[in-house]
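We'll take a walk through the fold, one piece at a time.

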Amino acid sequence: MVRLGRAIASCLKEGDWLFVEGPLGVGKTFLIRGIARGLGVPLEVPIQSPTFALIHEYAARVRIVHVDAYRIGSKEEFIQTGVLDRAEGAVVVAEWALGVAKGLVSDGLLCDLSFEGKKRRAVFCGLGPRGEALLQDLDRALRAEFHHKRLVLGRSFGH
């Protein structure tokens, strides 16, 4: 998951949104830790899920806003967290936020993590024009990083 996160980080730039979906224990935080390290967050800075704080921010080559929307029940609550204001000039990595961000954020990349037996599966889908561009960049990055792995990238995701 950390290697995958670093590959994703190589594609992200200021203003990008990454939605990470999946069940408890599938590796969302490990993936986000890899993204943070790939964007330059030092090893001594702990990367933890902001389940109770809702948002953590990290200084990196591009500031990272990490939001956990598990306890957020509506678009209004999502807006009240201030994440949309904090998003300017940052990469936003949002766990479980696709539902509450619908209509508020229409461009980004979705990473849907799941269990496939004893392995984990990651399916990526582009949301909007920037999401489609990210998907293409990610395809190249993943093929370079995991050249021996079979990759399947989603083409689009109804949002």
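**A walk through the fold**

Let's start with a helix lying on strands. Helix α6, residues 128-145, lies across β5 (108-116) and β6, and its direction makes an angle of about 140° with β6. Before going further, keep in mind that this is a predicted model. The average pLDDT of the chain is 90, and 92% of the residues score at least 70. Take care with residues 155-159, though: the pLDDT there is below 50, even though this stretch has 18 contacts in the model beyond near neighbours in sequence.

In what order do the six strands line up? Reading across the open sheet, you get β2-β3-β4-β1-β5-β6, with mixed pairing. The edges are taken by β2 (55-58) and β6 (119-127); each has a single partner strand, so one side of each is left without a neighbour in the sheet. From one strand to the next, the twist averages 20°.

β2 pairs with β3, residues 63-68, in the antiparallel sense, over four bridges. The two make a hairpin, with four residues between them. If you want landmarks, find His56, which sits opposite His66 in β3, and then Tyr58, which faces Ile64 in β3. On to the next pairing: β3 and β4 run parallel and are joined by six bridges. One spot to look for there is Asp68, whose bridge partner in β4 is Glu95. How enclosed is β3 by the rest of the structure? Largely so, because five of its six residues are buried.

Two loop residues are worth a stop here. Leu54 is in the loop between α2 and β2, and its phi is near 75°, a positive value in a residue other than glycine. Trp96 has a positive phi as well, near 50°, and belongs to the loop between β4 (90-95) and α5 (98-101). Most residues other than glycine have a negative phi, which is the reason for pointing these two out. Trp96 counts as buried because its relative accessibility is 19%, and the cut-off for that label is under 20%.

Next, the aromatics. How many aromatic pairs does a search of the whole structure find? There are three. One of them joins Trp17 and Phe19, which are stacked, with 5.7 Å from centre to centre and 25° between the planes. Trp17 is buried at 8% relative accessibility, and Phe19 is buried too, at 0%. Trp17 also pairs with Phe78: their ring centres are 6.4 Å apart and their planes are at 50°, so this pair is tilted. Trp17 lies in strand β1 (residues 17-21) and Phe78 in helix α3 (residues 75-80), so the pair ties together parts that are 61 residues apart in sequence. Both of these residues, Trp17 and Phe78, are buried.

Arg33 lies over the face of Phe30, 5.0 Å from the ring centre.

Finally, head for the start of the chain. Which residues of helix α1 (residues 2-9) are buried? They are Leu4, Gly5, Ala7, Ile8 and Ala9. The buried residues of α1 pack against β1, α2 (28-38), β6 and α6.

Leaving aside residues up to four places away in sequence, Ala122 touches Leu4, Cys111, Asp112 and Leu113. Is Ala122 buried or partly exposed? At 25% relative accessibility, Ala122 counts as partly exposed. For a sense of scale, Ala122 and Asp16 are 106 residues apart in sequence and 19 Å apart in space, C-alpha to C-alpha.

Terms used: Residues numbered from 1 in each chain as written. Predicted model: local features only at pLDDT ≥ 70, side-chain atom pairs only at ≥ 80, totals over all residues. Heavy atoms only, no water. Pairing = 2+ DSSP bridges. Axes fitted to C-alpha atoms, helices over the stretch in contact; angles between N-to-C directions. Contact = heavy atoms within 4.5 Å. Phe/Tyr/Trp six-rings, centres within 6.5 Å; stacked < 30°, edge-to-face > 60°. Buried < 20%, exposed > 50% of the residue type's maximum accessible area, 1.4 Å probe, protein only. Lys NZ or Arg CZ within 6 Å of the ring centre and 35° of its normal. pLDDT = per-residue confidence, 0-100.
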